[in-house]
Amino acid sequence: MFSTSLTANDLLFMLQGAWVTLKLTAAAMLIGTLAGVVFGLLRAAMPYATLPLSWALDVFRSVPLLIQFVLFNSLKSLVGLDWSAFTVGCVVLGVYAAAFCTEIVRGGVLAVPTSLRRASRSLGMSYWQDLRYIVLPVATRVAFPGWLNLVLSVMKDTALVMWIGIIELLRASQTIVTRIQEPLLVLCIAGLIYYLMSLVVARLGARLERRWQEDD
Amino acid sequence: MFDYTFQWRPALRALPDMLAGAWVTFETAALSMILGVLLALALTVMRRMDNPLPRAFANLWVSIARNTPSLFQIYMLYFGLGSFGWHISSWAALLAGITFNNAGYLAENFRGGLKAVPDTQMRAARSLGMGAFQAYRLIVFPQLLRIVYHPLTNQMVWAVLMTSLGVIVGLNDDLTGVTQDYNVRTFRTFEFFAIAAVLYYLITKVIVLVARLLAWRLFRY
Amino acid sequence: MIEIDQVHKSFGDLEVIKGVDLTVAKGEVVSIIGGSGSGKSTLLMCINGLEPIQRGSIRVDGIEVHAKGTDLNRLRRKIGIVFQQWNAFPHLTVLENVMLAPRKVLGLGRAEAQEIALKQLAHVGLSDKLEVFPSKLSGGQQQRMAIARALAMSPDYMLFDEATSALDPQLVGEVLDTIRLLAEEGMTMLLVTHEIRFARDVSDRVAFFRNGLVHEIGPPAQVINAPQRPETAEFLKSVR
């Protein structure tokens, strides 16, 4: 009936790949979110002075990620940096995520109605208090769905790091396919793992959002 | 530390070939968008049907397209279809993969867009004696187009960026493929890919610009 | 003639119309008044077949609206309807809004449709707004445009569903004046309205709806000035 040469070891190999995918996603989102929040707040506070920043970030959204990996990787060797491929992957994905996160944060801050800010300032709050207690909580709720989408899209984009030699989920699957020649089965398993990871992230996010709504 | 000398001359000499590659890139993306929009419309209709079978099919399509990497989708078509003895070229796999992806994302946009056109518009149209199809064509669709126009432009940009994945399944005549060919022959990785990056940037900017001009003509209200 | 005969209409388990009888003769103006949720607006949607009914029958010029074989699109040409939310088509100019149905539904040529549209827009006093998009119009202007749009189909009947309820108070007058003009021209009309004084002035008959039924019907002098039933009097007192 149904027979396959896929072994338990192969499955383990794929799961290890999936773990790399998750680690890359987490690292990239950490970099991307930190930078994105700083840049986003700056963009919202000083829209004209930070225009050059916005143009620079736009470049990262307008060039294929694959090319960014290759460029950064070669730049790294040109400059003589001794970074691992994983580090390169994290940095490039992180900057890429930051470029999107900046817009998300900026949108969130700008979505806070001016009347609300006037109200808080008229209560005698300082600029920082207003930011801390009024703007950020509201902006976070507005920006969160966009941020969650970014996590999902970065997770999918990690597949491209295979091109600079990192063995993540898709690359691991490809290796196995080359050996056992059962592409459909192996790829379906890989797809299922991606799907499940996306589903878990999306569910967690949705739960968090619901909890916020209950608080409000 | 920095003893590398950039050599742009050979890279610039390759520019005509790369521009030809850029044209392939653009063509592939545009074709994938046209097909993607048509499929997305079909998926949107299927998701509104009463029959659960087409509904489930369309939902599955949308959710796979949105929850797995586009590279995975291209792999599935390139390697996966081979399991059924159906081998397609890397270009066909790329086109089909991006089209699949476009259709999934756009179907979701269309669904949201349809919700944004109030039901009362349909009522008003029908009360003037228009048939259902006529009302969709004359009243709902033009309003939908405006709502999904921006996502549509975004998706076109995405499609251009996604074509770069073709090189991973062996495509060699699109912009990334041509660049990679030169790279393998000359090992001037940075120079060639930097020029490719500039060309991609220009393509996306031209698309955004044209879309904006078009919107200006298209949406008068 | 519109003949409504023992009509029942439910949304799910909720029955909103519970056996209404009403006729509107050619040239007659009938107003329906009553509290919200009394099924008045729903009845209008049933008359041109936008909403199905569960029991009873509605005939327009002898044509059974809810019979299987009825060509509703053809029937709707002779029934104009104006909604509470004016429902202007936002992507078309005022002129295009009014021209669209004559061209696409009646199949008229551009010139002919434009002539009709211009006439109807002059009729409602919007001749200076032809090339404007609805978003630039006030609510009252949008509602007058909606009236012109319905009139452009040269309907035999006009239905008004609380045509002034969503308007700012200072804009109500211009729309009422337009409707009054139509009444004077002899248009057959069925109005659902909250404007009691207006209903008294223009109507040949007034029907008071309560709990999905016609509670009292008669000439305005009776229903509004001297209601026969206590609930009618109570309602009138509450809206004055």
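Is B:Phe187 buried or exposed? B:Phe187 is exposed, because 10 other C-beta atoms lie within 10 Å. Here is the scale: with C-beta atoms placed from the backbone, 20 or more others within 10 Å make a residue buried, 12 or fewer make it exposed, and anything in between is partly exposed.

A word on the model. This is a predicted model, where local features need pLDDT of at least 70, side-chain atom pairs count only at pLDDT 80 or more, and totals for chains, interfaces and linings use all residues. Residues are numbered from 1 along each chain as its sequence is written, while chains are lettered from A and ligands numbered from 1 in the order in which they are written.

Back to B:Phe187. Its phi is positive, about 60°, although it is not a glycine. B:Phe187 sits in the loop between helix 8 (175–186) and helix 9 (189–218) of chain B.

C:Asn211 is not a glycine, yet its phi is positive, near 50°. Find C:Asn211 in the loop between strand 9 (205–210) and strand 10 (213–218) of chain C. C:Asn211 is partly exposed, with 15 other C-beta atoms within 10 Å.

Next, a sheet. Chain C has an open sheet of four strands, order 2-1-4-5, with antiparallel pairing. Strands pair if DSSP finds at least two bridges between them. Strand 2 (14–24) and strand 5 (63–64) of chain C are the edges, each pairing on one side only. Strand 1 (residues 2–11) and strand 2 of chain C share eight bridges, antiparallel. Look at C:Val7: its bridge partner in strand 2 is C:Val20.

Now the contact between chains B and C. Chain B gives 18 residues and chain C gives 19 residues. Contact means C-beta atoms, placed from the backbone, within 7 Å. On the chain B side, helix 6 (119–127) and helix 7 (132–163) each supply at least two residues.

Last, the cores. A nonpolar core is a set of buried Ala, Val, Leu, Ile, Met, Phe, Trp, Tyr and Cys residues joined through C-beta atoms within 7 Å. The largest has 112 residues, and A:Ala97 is among those touching the most other members. Helix 4 (residues 85–110) of chain A gives this core its largest share, 13 residues. A second, separate core has 78 residues, including C:Ile2 and C:Leu190.

Terms used. Contact = placed C-beta atoms within 7 Å.
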